[in-house]
Amino acid sequence: MKSLRITASVLKILAGIVFLISAVAKYITIDAFEMYVYSFGLFPLKVSFYVARLVLVCELILGAALISHRHHRFTLLMSLLFLLCFVVFLTYAHLVGRTDNCHCFGDLI
């Protein structure tokens with residue numbers, strides 16, 4: 001049982017690190033990410049800027065919460081919901097033929 005808890009803690013920390021790296025990489029190239037969000041035409045330009053920044057802030061908060069083990073259930077639920085939204089969005093992008101860089105990790109990947 002103890003090894004299962006340790007494994008769960010390590011996985012939470014790793015997921016938190018991935019969220020933090022993604023947020024920092026997006027922040028470095030925030031203009032490219034904003035334009036990528038806008039390029040789908042779902043939001044006006046000004047709203048796309050806010051959506052891109054909201055995604056960045058949510059990733060930072062989720063990453064920090066996962067690493068610090070704060071609000072376990074809520075953090076895990078929000079992380080899963082956030083990842084599900086990313087999967088749905090990227091699947092949609094792929095289905096409509098958008099195979100360009102999604103800027104999920106800024107320009108790192």
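Begin by selecting S22: setting aside its neighbours within four places in sequence, this residue is in contact with E59, C104 and F105. As you look, keep in mind that the model is predicted. S22 is found in helix 1, and with a relative accessible area of 4% it is buried.

Next, select E34 and R53, where a second pair of side chains meets in a salt bridge, here at 1.9 Å from N to O. E34 lies in helix 2, which covers residues 30–39, and R53 lies in helix 3, so the pair ties together parts that are 19 residues apart in sequence. The two partners can be coloured by accessibility: E34 is buried, with a relative accessible area of 4%, whereas R53 counts as partly exposed at 41%.

Now move to D100 and R98, whose side chains also meet in a salt bridge, at 3.1 Å from N to O. D100 is partly exposed, with a relative accessible area of 41%, and R98 likewise counts as partly exposed, at 22%. With this stop the tour has visited the salt bridges of the model, which come to three.

For the surface, select I6, V10, L11, I13, L14, I17, I21 and I67, which form a nonpolar patch with about 650 Å² of accessible area together. Which helix gives the largest share of this patch? Helix 1, spanning residues 2–28, supplies seven residues. I67, for its part, is found in helix 3, which runs over residues 45–68, and I67 is partly exposed, with a relative accessible area of 31%.

Finally, clear the selection and view the whole protein, which has four helices and one strand, following the pattern α-α-α-α-β along the sequence. Its C-alpha trace spans about 50 × 25 × 25 Å along the principal axes, and of its 109 residues 28% count as buried. The accessible surface comes to about 7,500 Å², and 75% of that belongs to carbon and sulfur atoms. If you colour by charge, there are 9 positive and 5 negative side chains to find, and the centres of these two sets lie 20 Å apart.

Definitions and conventions:
Residues are numbered from 1 along each chain as its sequence is written. This is a predicted model: local features need pLDDT of at least 70, side-chain atom pairs count only at pLDDT 80 or more; totals for chains, interfaces and linings use all residues. Side-chain values use heavy atoms; hydrogens and water are left out. Patches are made of residues with over 30% relative accessible area and no salt bridge: like charges are joined within 9 Å, nonpolar side chains (Val, Leu, Ile, Met, Phe, Trp, Tyr) within 5 Å. Accessible areas come from the Shrake-Rupley method with a 1.4 Å probe; for residues, only the protein chains shown count as cover. A salt bridge is a side-chain nitrogen of Lys or Arg within 4 Å of a carboxyl oxygen of Asp or Glu. Helices (H or I, at least four residues) and strands (E, at least two) are DSSP runs, numbered from the N terminus. Buried means under 20% relative accessible area, exposed over 50%, partly exposed in between (1.4 Å probe, protein chains only). Lys and Arg count as positive and Asp and Glu as negative; His and the chain ends are not counted. The place of a charge is taken as NZ of Lys, CZ of Arg, CG of Asp or CD of Glu. Contact means heavy atoms within 4.5 Å.
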